[in-house]
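I opened this notebook to keep track of what I looked up, entry by entry, in a structure that was new to me.

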Amino acid sequence: MSASRPNSHDVARAAGVSQSTVSYALSGKGTIAPRTRERVLAVAAELGYRPNLAARSMRTRRSGRVAVVTSTAAEVRMSMLSGAAEAAVEAGYAVDTHSVSGAAQDRTDRVVELARSGQVEGVLTFLPVVPDGLTTDDGAAPVVAVTALDERMRSTGELADASLLADVIAALVDARHRRFLHVGGPADFASARARRDVYVAETGRHDDVESLGEIVGTWSPESGREAILALPDDAPPLAVIAANDHIALGVMRGASERGWQVPGDVVVTGWDGATFGAYTTPALTTITVDFREAGARAMRRLIAAIRDEPAPTPAAPLQQILWRESTGPARS
């Protein structure tokens, strides 16, 4: 790896592709597989690669390029980056990725610098910025700041919304489930707090529903397994609301170790729509979150701003309930 600022050769070497493939992935030109483009964009972001703007001969807002400011923090970020890049390419724009660190004001200054550079037609930032610091002159490119991620790229705002969980619990109550347990994630995650709060509110609405509590754990399968192993022998029939699919996987394992049938003795729901949920036995009921589409929507907002058009109206919600075999009617 070069000790100086990373270049396209470094990206190609780290991604295991040719330099021409890197060029195609970043410019949106040529024909490469979507997964290859996704890998190249992710590697470019991780290395902090950005093209040498000063070397470009044409300093004009008609560059056909947009900038995406992100970090190397999480899988969520990679999905959103991929969605944003695909939306940009579909609209005829190439994407420059910029991995930025530092405090909020430092990130804000970098976003403003990009907007004023004359080398991109718009800037999309997944990192939180200081709203008052986004002041730019009339010649600057438009900026769209995503408000659904925090400084560590954890879901917040719209992506942390847990209102659909109320529909899940209501459906289980309608199916005659009366005893519930919530196995949550770490309390420093806005998404974990939101899911716990909806659970508490929804189970509390029914006089004939008993909650065995809200367990604060990690996002791991072991957290779910330990929660089930700690329950009294007479806990079933029980509906377990897990804060994510990995926790739900551990819940199902713990139930199996105790000889409890899913969904006969215990029904289980997760969150995130992880691929493995379709292949568990039984298949896992979950709430899916389309992070890729969230990134694409943010990019479409930016493109609308570039073209001075109204922001597009989303066609479908980002979250959906996916009912599968791990939920069923309460045992008679």
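**Surface and overall make-up.** I began with the accessible surface of the protein, which comes to about 15200 Å², with 49% of that surface belonging to carbon and sulfur atoms; the areas come from the Shrake-Rupley method with a 1.4 Å probe, and for residues only the protein chains shown count as cover. I noted that this is a predicted model, in which local features need pLDDT of at least 70 and side-chain atom pairs count only at pLDDT 80 or more, while totals for chains, interfaces and linings use all residues. I also noted that residues are numbered from 1 along each chain as its sequence is written, and that side-chain values use heavy atoms, with hydrogens and water left out.

I then found 10 helices and 10 strands in the protein, these being DSSP runs numbered from the N terminus (helices H or I, at least four residues; strands E, at least two). Of the 332 residues, 51% are buried, where buried means under 20% relative accessible area, exposed over 50%, and partly exposed in between, with a 1.4 Å probe and protein chains only. Among contacts with a separation of 6 or more, 73% are between residues 24 or more positions apart, a contact being heavy atoms within 4.5 Å.

I traced an open sheet of four strands in the order 6-5-7-8, with parallel pairing; two strands pair if DSSP finds at least two bridges between them. Strand 6 and strand 8 (266-269) stand at the edges with a single partner strand each, so one side of each has no neighbour in the sheet. Neighbouring strands are turned by 15 degrees against each other on average, direction ignored, with axes taken as lines fitted to C-alpha atoms (for helices over the stretch in contact) and angles running from 0 to 180 degrees between N-to-C directions. Looking at one pairing, I saw that strand 5 and strand 6 run parallel and are joined by five bridges, and that Val-183 stands opposite Ile-215 in strand 6.

I next asked which strands helix 7 lies across. Helix 7 lies across strand 5, strand 6 and strand 7 (238-242), at about 170 degrees to strand 6, and helix 8 lies across strand 5, strand 6 and strand 7 too, at about 145 degrees to strand 5.

**An aromatic pair.** My search of the whole structure gave one aromatic pair. Phe-189 is in the loop between strand 5 (179-184) and helix 7 (190-204), and Trp-219 in the loop between strand 6 (210-216) and helix 8 (221-229), so the pair ties together parts that are 30 residues apart in sequence. Trp-219 counts as partly exposed, at 23% relative accessibility.

**Backbone exceptions.** Most residues other than glycine have a negative phi, and most peptide bonds are trans. I found a cis peptide bond joining Val-262 and Pro-263, with omega about 15 degrees, and Pro-263 lies in the loop between helix 9 (245-257) and strand 8. Arg-176, which is not a glycine, has a positive phi of about 80 degrees, and Arg-176 is partly exposed, with a relative accessible area of 48%.

Methods:
Phe/Tyr/Trp six-rings, centres within 6.5 Å; stacked < 30°, edge-to-face > 60°.
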